Amino acid sequence: MGWAGLLAWATLGLPGISAADDVNSTGLAVTEDTVKVGILHSITGTMAISETGSVQAEKLAIEQINAQGGVLGRKIEYIQEDGASDWPTFAEKARKLLVNDKVATVFGCWTSASRKAVLPVFEQYNGMLYYPTFYEGLEQSPNVIYTGQEATQQILASIDWVVKEKGAKTFYLLGSDYIWPRTSNKIARKHIEKKGLKVVGEEYYPLGHTQFNSVINKIKLRKPDVIFASVVGGSNVAFYKQLKAAGIDLTKEKPLLLTISVTEDEILGIGGENVEGAYASMKYFQSLDNPNNEAFVKAFKERWGDDIVIGDVTQAAYLGPWLWKAAVEKAGSFDVDKIREVFPGIELKTAPEGYVRIHENHHLWSKARIGQAQKDGQYKVVYETEDLMEPDPFPEGYK
């Protein structure tokens with residue numbers, strides 16, 4: 001083929017010839033054969049119980065994408081860093097991935113504190129973070145895709161459900177002591193009071209805290225209809241075991257426990273017998289009955305072992321590499337600015353939760369669901385919205 005023919009191929013963007021400048025004009029770690037990405041989660045410290053599943057999900061998605069030929073014909077290679085349940089460490093590792101390793105994107109973080117710590121780094125160096133955890137909302141960054149639920153899809157939806165279906169009138173708010181639980185409870189309190197209902201207690205404990213007997217005694221005295229729990233990480237093991245030891249039987253629903261933080265991953269550590277009867281507000285449960293999820297659960301167990309469980313954040317983490325691949329291929333480039341332009345409307349029909357789509361505010365259209373914890377460590381889905389919920393990270397009156 002002569003120069004004219006080659007030029008025609010390049011101009012038409014036909015397979016086999018790519019203009020390197022179009023594919024990667026910003027000096028990212030992209031070669032003709034490979035593209036490097038970052039994985040940044042806590043694999044040590046109190047948050048490891050929650051974040052290990054995210055790492056496994058992201059690696060599985062990357063392996064599956066590579067088995068299909070990669071992204072723009074390039075195999076994905078990942079560089080994994082440990083945030084070590086420490087927010088300054090997260091910021092330091094994010095800087096390393098973006099500045100030294102020049103990764104094309106990063107899949108990572110779990111707590112809002114870690115996300116807030118890395119956000120200035122991603123915005124300064126124009127990196128892109130795929131963040132998988134349900135969170136409090138009140139944020140929208142051009143450098144983050146939020147693949148978990150925000151407050152209207154999780155907190156407000158679950159309070160509406162427990163009031164309508166269970167007749168709840170009084171609530172006790174209990175959380176770990178950092179941004180996400182405090183802001184989530186602020187949003188929850190406003191919604192509860194707006195409905196003319198009452199918050200009868202509100203308490204916070206440091207990450208890793210293991211002594212909950214005093215608050216359990218307060219709960220027994222005040223007799224709330226609902227314990228609204230946003231305790232995270234390893235503290236959950238102590239909390240639920242101590243609840244049971246204090247004679248609170250969650251299957252009796254007096255009080256009813258509604259959590260926005262306990263997924264199947266945490267139940268593995270807590271023990272199904274200690275959390276049976278509790279309700280959780282999530283968009284994904286391992287027990288979801290659809291073909292996408294059946295294939296996902298099978299692949300996940302084949303890769304990570306039959307005893308493994310899959311929680312909401314794990315599934316949302318799995319979406320990250322697939323949504324990134326779809327956006328890169330639509331943009332025809334790994335460059336962050338070009339990818340950002342095509343985000344709105346990017347959809348994933350193969351999502352284990354069913355179907356998701358990126359909103360122009362960088363959050364996902366998703367369904368809200370309520371599950372009830374079973375003795376075997378799984379959740380039984382008792383409610384789901386009929387339609388996808390539009391994400392609204394800045395609900396009126398909740399700022």
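The structure is a predicted model, in which local features need pLDDT of at least 70 and side-chain atom pairs count only at pLDDT 80 or more, while totals for chains, interfaces and linings use all residues. Residues are numbered from 1 along each chain as its sequence is written, and side-chain values use heavy atoms, with hydrogens and water left out. Helices (H or I, at least four residues) and strands (E, at least two) are DSSP runs, numbered from the N terminus.

**Helices H3 and H12**

- Helix H3 (residues 48-67) packs against helix H12 (residues 291-304) at an angle of about 105 degrees, and their axes are 11 Å apart; axes are lines fitted to C-alpha atoms, for helices over the stretch in contact, and angles run from 0 to 180 degrees between N-to-C directions.
- That angle makes H3 roughly perpendicular to H12, a term that covers 65 to 115 degrees.
- On the H3 side the contact (heavy atoms within 4.5 Å) is made by Gly53, Gln56, Ala57, Lys59, Leu60, Glu63 and Gln64, and on the H12 side by Phe296, Ala299, Phe300, Arg303 and Trp304.

**Helix H13**

- Helix H13 (residues 312-331) has 20 residues and reaches 29 Å from its first C-alpha to its last, close to the 28 Å expected at 1.5 Å a residue, where the expected span is 1.5 Å times one less than the number of residues.
- Because 16 of the 20 residues of H13 are buried, this helix is largely enclosed by the rest of the structure; buried means under 20% relative accessible area (1.4 Å probe, protein chains only).
- Gly332 follows H13 and has a positive phi, near 70 degrees.

**Tyr205 in strand S7**

- Tyr205 lies in strand S7 (residues 198-205) and is buried, with a relative accessible area of 11%.
- Not counting residues up to four places away in sequence, Tyr205 touches Leu174, Gly175, Ser176, Asp177, Phe212, Ser214 and Val215.
- The side chains of Tyr205 and Glu203 are joined by a polar contact of 3.4 Å, meaning a pair of N or O atoms within 3.5 Å, of which, within protein, one must be able to donate a hydrogen and the other to accept it, and residues adjacent in sequence count only if both atoms are side-chain atoms.

**Gln372 in strand S14**

- Gln372 is found in strand S14 (residues 369-373) and counts as buried at 16% relative accessibility.
- A polar contact of 3.3 Å joins the side chain of Gln372 to that of Tyr279.

Key. Parallel < 35°, antiparallel > 145°, perpendicular 65-115°, else oblique. Buried < 20%, exposed > 50% of the residue type's maximum accessible area, 1.4 Å probe, protein only.
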